[in-house]
Amino acid sequence: MTASLTLVIVAAMLFGSGIAVMLERSLTRVLIGFLLVGNGVNLFMFTMGGEPGLAPILLDGVDPAELSDPLPQAFILTAIVINLGITAFMLALIYRSWWLAQLGEAGDLIGDEDEIAEDAEEAADLIRSSAEDERAIQEVLDASDEDGGRA
């Protein structure tokens, strides 16, 4: 059994087990299956690169047939970045569904009654304080020696 055949078998097992796990209904299992499938695909792309060779830099006197193919490596790096982004998005979805399950029947709706009562109380306090300020100003004006600004 050669190394590339071993990699193909391991990649096929990762891909198959990932698909089997993704068919479950739980979002966590879907995430685990997605990660397994992503790693399986990365291994398949790695085996597409062929046998290891020289660095993919064409210099004088180097046979192009001896160079390694850099394209599968670039595909793998791109797939890793995409896999990471989708994993972060799926983790956010899992957290959001867990949070909504904790809220129960109310779901995403949050009652505004408490906020409305607080706002009304603050408005009443402001009206009360402004009325007291006006009364205090009037008392000061009445107590002063001036005629309220009339000449």
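These legends describe close-up views of a predicted model. Local features need pLDDT of at least 70 and side-chain atom pairs count only at pLDDT 80 or more, while totals for chains, interfaces and linings use all residues. Residues are numbered from 1 along each chain as its sequence is written, and side-chain values use heavy atoms, with hydrogens and water left out.

**View 1. The overall fold is built from helices.** The protein has four helices and zero strands. Along the sequence, the pattern reads α-α-α-α. Helices (H or I, at least four residues) and strands (E, at least two) are DSSP runs, numbered from the N terminus. Of the 151 residues, 12% count as buried. Buried means under 20% relative accessible area, exposed over 50%, and partly exposed in between (1.4 Å probe, protein chains only).

**View 2. Helix H2 covers residues 27–48.**

View 3. At the start, a side-chain oxygen of serine 26 reaches to within 3.3 Å of the backbone nitrogen of threonine 28. After H2 comes glycine 50. The phi of glycine 50 is positive, near 80°.

**View 4. A nonpolar patch lies on the surface.** Leu5, Val8, Ile9, Met13, Phe15, Ile19, Leu23, Val41 and Phe44 form the patch. Together they have about 750 Å² of accessible area, computed by the Shrake-Rupley method with a 1.4 Å probe, where only the protein chains shown count as cover. Patch residues have over 30% relative accessible area and no salt bridge; nonpolar side chains (Val, Leu, Ile, Met, Phe, Trp, Tyr) are joined within 5 Å, like charges within 9 Å. A salt bridge is a side-chain nitrogen of Lys or Arg within 4 Å of a carboxyl oxygen of Asp or Glu. Helix H1 gives the most to the patch, with six residues. Isoleucine 19 lies in H1. Isoleucine 19 counts as partly exposed, at 36% relative accessibility.

**View 5. Aromatic rings form a cluster.** Ring pairs link Tyr95, Trp98 and Trp99. How many aromatic pairs does the whole structure hold? A search finds two. Tryptophan 98 and tryptophan 99 form a tilted pair, 6.3 Å centre to centre with 45° between the planes. Rings of Phe, Tyr and Trp (its six-membered ring) pair if their centres lie within 6.5 Å; planes under 30 degrees apart count as stacked, over 60 as edge-to-face and the rest as tilted. Tryptophan 98 is partly exposed at 45% relative accessibility. Tryptophan 99 is partly exposed too, at 38%.

Note on methods:
Expected span 1.5 Å × (residues − 1). Polar contact = N/O pair within 3.5 Å; in protein donor to acceptor, adjacent residues only side chain to side chain.
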